[in-house]
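Good morning, and thank you for coming.

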Amino acid sequence: PEGYSLSATSQLLERIATEIRQTQGVTDTLVTVGGGQQQVVNAGSIYVKLTDIGDRPKSQETMMADARELVKKYPPELRTAVQQVAAFSGGGFRNANVQFLIAGPDLKKLEEYSAKVLEHMKTIPDAVDIDSTLISGKPEVQLSVNRATAADLGVRVGDVSQALNTLVAGQEVTSFSEGTDQYEVRVRAINPYRTDVEGLTRLIVPSAKVGWVSLDRLVKVSEGTGPSSVERTNRQRQVTLLANTKPGGSATNITSSIDAFVKQLNLPSEYKTGYVGQSKEMGKAGFYFLLAFALSFIFMYIVLAAQFESFIHPVTILLTLPLSIPFGILSLLVTGQTVNIFSGLGLLLLFGVVKKNAILQIDHTNNLRSQGMNRYEAIIQANRDRLRPILMTTIALVAGMLPLVVSSGAGSGTNRSIGVLVVGGQSLCLLLTLLAVPVFYSIFDDLSEMRLFQYVSRFSNWLFGGLRRRFAAATSSLFGKG
């Protein structure tokens, strides 16, 4: 809580660290109090080092959940967060999985709105370590200037604030050099005049009429509380609400719930909301993944249309890709994995393999029909001929991904998502390729008999046939006919 001294905070954190060190799998703890640029004496961190994953009975996420249960027995005023130390970072609350920002002109309104959102966040099942950067209750001395008296004595309000800033906070006036080292020299009032209300009111300020005037003749002293710090973004006061994701939870569920609740609040237009930190970067990653998916469909369609010289057959092949997504997600759900950036990469890989299987079938079907075989017999024969290569590629891919699925060493949790999605998705998509592609092929082949599609087919044959001939001529001139 605000008002805790450095020694009291150190004793409390050492007590918690002692209990954590008794947990099996913990090798060392490092307590830091009053660190960082602000050097807040009532805040600190405990860095916990674990043994190798093969030498402890529990996973890191499970041990983090145990640590949360451990600190629950302490008073509720103790604000804690248990999280993995991010790379290139010193840890702390700023590494929270979800960081929601509210910015606006009035600090009181920000405190009101943030309190409502904070209470809602506590009801979200997937959210843990819920906290706010706006911390009120810091003891402070408030000095109110009597402007009428100050005017009579020839004292400007700006002179009072400047004197307090210099004498209490201190001001750099010069520097002192000793050898190759240089030290800043700051001037401020001695300790009794900075830490005691009576000494504070005895400070003097310049006057245009009487020379110097003590503050006790100009100000009214009152004690109160206020925020420990006021943060700003784009010159607006702001409050950041923080939360971590519990094991097996989803940060997307947390952000979706927050967005829905904030929409119900109907905040005034001068108050802005948004996500920062990991939440913002995950939102960007999600957007760019969707963009990558869309571009992959576009480029695959262009290449396939040029290959088959048709606008219809690429659609038949690409229809298998959206159907493969549920199989991949189902594999993640069955194995208890989450949708993350690694599973997204696995989905892109799954697209390529499923598309390749469909190409094998349709290309062979077209070749058989060009030799005079009717459509039904060509489809059946193509499925029989292409069953072996499809099985070979599927088994090879699944076997190559199995080590990622069954691995248990360091980093296995990162690799498992992509392995599970590819193995499960490709195995289930095997039936999709063999059964759905012939059906789609028959449907779109019937549609191609329509007059409109015949015009489109003639245009595509002219367009892509010309492109193919030009490409062949260009490659022949560059590399030779051989």
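Predicted model: local features only at pLDDT ≥ 70, side-chain atom pairs only at ≥ 80, totals over all residues.

Does R79 count as buried, partly exposed or exposed, and what is the relative accessibility of R79? R79 counts as partly exposed, because its relative accessibility is 37%. R79 sits in a loop, the one that runs between α2 (60–71) and β3 (98–104). Its C-alpha is 8.0 Å from that of P1, although 78 residues separate R79 and P1 in sequence.

Let me now turn to the protein as a whole. The chain has 482 residues, and 35% of them count as buried. The protein contains 15 helices and 13 strands. Consider the contacts between residues at least 6 apart in sequence: 70% of these join residues at least 24 apart.

I shall next describe two helix pairs. The crossing of α3 and α8 is a right-handed one. Which residues of α3 and α8 meet? From α3 there are K116, V117, H120 and M121, and from α8 there are S257, I258, F261, V262 and L265. Sorted by class, this contact of α3 with α8 comprises six nonpolar, two polar and one charged residues.

The second pair is helix α11, residues 320–335, with helix α12, residues 341–370. Here the packing angle is about 135°, and the axes are 10 Å apart. As a result, α11 is oblique to α12. The crossing in which α11 passes α12 is right-handed. On the α11 side, the residues in contact are T320, L321, S324, I325 and L332. On the α12 side, they are S343, L347, L350, F351, V354, K355 and A358. By class, the contact of α11 with α12 has eight nonpolar residues, three polar and one charged.

Please keep F351 in mind, for it returns in my last topic, the aromatic rings. How many aromatic pairs does the structure hold? There are seven. One of them joins F287 and Y288, whose ring centres are 5.3 Å apart and whose planes stand at 65°, so this pair is edge-to-face. Both F287 and Y288 are exposed.

Another pair is made by F297 and F351, and this one is also edge-to-face, with 5.7 Å from centre to centre and 80° between the planes. F297 belongs to helix α9, residues 278–308, and F351 to helix α12. The two are 54 residues apart, and the pair thus links distant parts of the chain. F351 is buried, because its relative accessible area is 3%, and the cut-off for buried is under 20%.

Thank you for your attention.

Notes. Residues numbered from 1 in each chain as written. Heavy atoms only, no water. Axes fitted to C-alpha atoms, helices over the stretch in contact; angles between N-to-C directions. Helix = DSSP H or I, 4+ residues; strand = E, 2+ residues; numbered from the N terminus. Parallel < 35°, antiparallel > 145°, perpendicular 65-115°, else oblique. Left-handed = near helix turned anticlockwise from the far one by under 90°. Contact = heavy atoms within 4.5 Å. Nonpolar A, V, L, I, M, F, W, Y, C, P; charged D, E, K, R; others polar. Phe/Tyr/Trp six-rings, centres within 6.5 Å; stacked < 30°, edge-to-face > 60°. Buried < 20%, exposed > 50% of the residue type's maximum accessible area, 1.4 Å probe, protein only.
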